[in-house]
Amino acid sequence: MPLVKLFARQTLTKPINLQSIQSKLCSIWNTKPNTTKLILTRVDDWTDESFAEDVYVDIRAYGKAERTREMVLDGMEKVQGAFGEEGLVANVRLETYEGERYFHVPPKEAK
């Protein structure tokens, strides 16, 4: 768990401290930094909805049996709180996937 994609407008002047947020998310989900990847993408704009978010947070995580709907929703609220501690309003989305349908080819280690 998890891959965390962060989207923020180019015009956002608030800082986004990825290392601090990663540490908080690892604590929330009980994961390690090497399995909790954060990717920040700055965008020109997005369609306005009824949310006034600074950051759109898209999380993709392995669907384990212990990750019940209630546990995941509670964790998502904690994720929102973690962003709040950083002074950011987050709109959080989380999608789980089945392990047999996940593939990953990391770069080879340097020798």
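How many aromatic pairs does the count come to? It comes to two aromatic pairs, where rings of Phe, Tyr and Trp (its six-membered ring) pair if their centres lie within 6.5 Å. This is a predicted model, in which local features need pLDDT of at least 70, side-chain atom pairs count only at pLDDT 80 or more, and totals for chains, interfaces and linings use all residues. Residues are numbered from 1 along each chain as its sequence is written, and side-chain values use heavy atoms, with hydrogens and water left out.

**Aromatic pair**
- Phe7 and Tyr56 have ring centres 6.4 Å apart and planes at 50 degrees, so the pair is tilted.
- Planes under 30 degrees apart count as stacked, over 60 as edge-to-face and the rest as tilted.
- Phe7 belongs to strand β1 and Tyr56 to strand β3, so the pair ties together parts 49 residues apart in sequence.

**Sheet**
- Four strands form an open sheet in the order β2-β1-β3-β4, with mixed pairing.
- Strands (E, at least two residues) and helices (H or I, at least four) are DSSP runs, numbered from the N terminus.
- Two strands pair if DSSP finds at least two bridges between them.
- The edge strands, β2 (37-43) and β4 (90-97), each pair on one side only.
- From one strand to the next, the twist averages 15 degrees.
- Strand β1 (residues 3-9) pairs with β2 in the parallel sense over seven bridges.
- Lys5 stands opposite Ile39 in β2.

**Helices**
- Helix α1 (residues 18-29) lies across β1, β2 and β4, and runs at about 135 degrees to β2.
- Helix α2 (residues 69-85) lies across β1, β3 (55-62) and β4, and runs at about 145 degrees to β4.
- Contact means heavy atoms within 4.5 Å.
- Axes are lines fitted to C-alpha atoms, for helices over the stretch in contact, with angles from 0 to 180 degrees between N-to-C directions.

**Pockets**
- A pocket is an open set of points on a 1 Å grid over the protein atoms alone, where a 1.4 Å probe fits, with protein on both sides within 12 Å along at least five of seven lines; lining residues have an atom within 4 Å of a point.
- Volume is the space filled by probe spheres set on the points, which are joined across faces, edges and corners.
- The largest pocket has a volume of about 340 Å³.
- Eleven residues line the largest pocket, with Pro2, Leu3, Thr35, Lys37 and Tyr102 closest to its centre.
- The second largest pocket holds about 150 Å³.
- Of the eleven residues lining the second largest pocket, Trp29, Asn30, Thr31, Lys64 and Arg67 lie nearest its centre.
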